[in-house]
Amino acid sequence: MTILQLNSSARGDASHSTRLAATLAGRLRDADPEATLQVRDLNDPAHRPLDDTALTALFTAADQRTPEQAARVAFDDALIAEVQAADVIVLGVPMYNFGVSVQLKNWIDAISRAGVTFRYTAQGPEGLLKGKKVYVALTRGGKYRNTPADTQVPYLTTVLAFLGLTDVYFVYAEGLAMGADAEQAALAAAHAEIEEALAA
Ligand SMILES: Cc1cc2nc3c(=O)[nH]c(=O)nc-3n(C[C@H](O)[C@H](O)[C@H](O)COP(=O)(O)O)c2cc1C
């Protein structure tokens, strides 16, 4: 089994979502000590936003690309290969300004490639990343679970399903900015939800 852990917080080692993602990945490895764990920090500046260079590169024949365009495609090719190779994907997802971090959005933009990770058929879109499990560790300063203000879960559910990733488990750490007691309670609840998700 290959596990891919993706950390999308801007907060480095202080990140709760990264710690929860690491706990999840660690528990998966406990269950399968032969498993390979690949960790990617999406906060690495090598992850660039989808810009004109990246888009133009995709629509330019490989032998016509500038070195900069070729490098952009090669970087995204490696991200796609990484997710294709994974059996289980663990995402650490902080809430920033009611959305996902730009780091995570950049990754989604990089791996969403027509004809490779999804395609359109006469019946509509078909996701091509099939047969994988996804665990998402959500961290929030406030509490928005099951409210209209939680745009992250509908967005991630939709975009992951578009790519063929339909077996998705969300675990929540909410109220992290609501005082020390609330923070401890949120983390304890998240750890309990991790165990429930792994047992599901
Ligand atoms: C720039 C920024 C924006 C934030 N926006 C929100 C928000 O919209 N809603 C919320 O509940 N918490 C918000 N928070 C609090 C974070 O969700 C909380 O600190 C969480 O632990 C972040 O995950 P991390 O520790 O993995 O970085 C924000 C924090 C930062 C730094």
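For my notes, Ala, Val, Leu, Ile, Met, Phe, Trp, Tyr, Cys and Pro count as nonpolar, Asp, Glu, Lys and Arg as charged, and the others, Gly among them, as polar. I'm working with a predicted model, where local features need pLDDT of at least 70, side-chain atom pairs count only at pLDDT 80 or more, and totals for chains, interfaces and linings use all residues. Residues are numbered from 1 along each chain as its sequence is written, and side-chain values use heavy atoms, leaving out hydrogens and water.

**Ligand.** I found 16 residues around the ligand (a heavy atom within 4 Å), with Ser-9, Arg-11, Ser-15, Ser-17 and Met-95 the closest. The shell splits into 6 nonpolar, 8 polar and 2 charged.

The side chain of Ser-17 puts an N or O atom 2.5 Å from a ligand oxygen. A backbone N or O atom of Asn-97 is 2.8 Å from a ligand nitrogen. For Phe-98, a backbone N or O atom sits 2.9 Å from a ligand oxygen. Alone, the ligand exposes 620 Å², and the protein buries 75% of that (Shrake-Rupley, 1.4 Å probe).

**Helices.** I then looked at α3 (residues 67-85) and α4 (residues 102-111), DSSP runs of H or I with at least four residues. Their axes, lines fitted to C-alpha atoms over the stretch in contact, come within 9 Å and cross at roughly 90 degrees. So α3 is roughly perpendicular to α4 (65 to 115 degrees).

How values were computed:
A polar contact is a pair of N or O atoms within 3.5 Å; within protein, one must be able to donate a hydrogen and the other to accept it, and residues adjacent in sequence count only if both atoms are side-chain atoms. Axes are lines fitted to C-alpha atoms, for helices over the stretch in contact, and angles run from 0 to 180 degrees between N-to-C directions. Helices (H or I, at least four residues) and strands (E, at least two) are DSSP runs, numbered from the N terminus. Angles under 35 degrees count as roughly parallel, over 145 as roughly antiparallel, 65 to 115 as roughly perpendicular and the rest as oblique.
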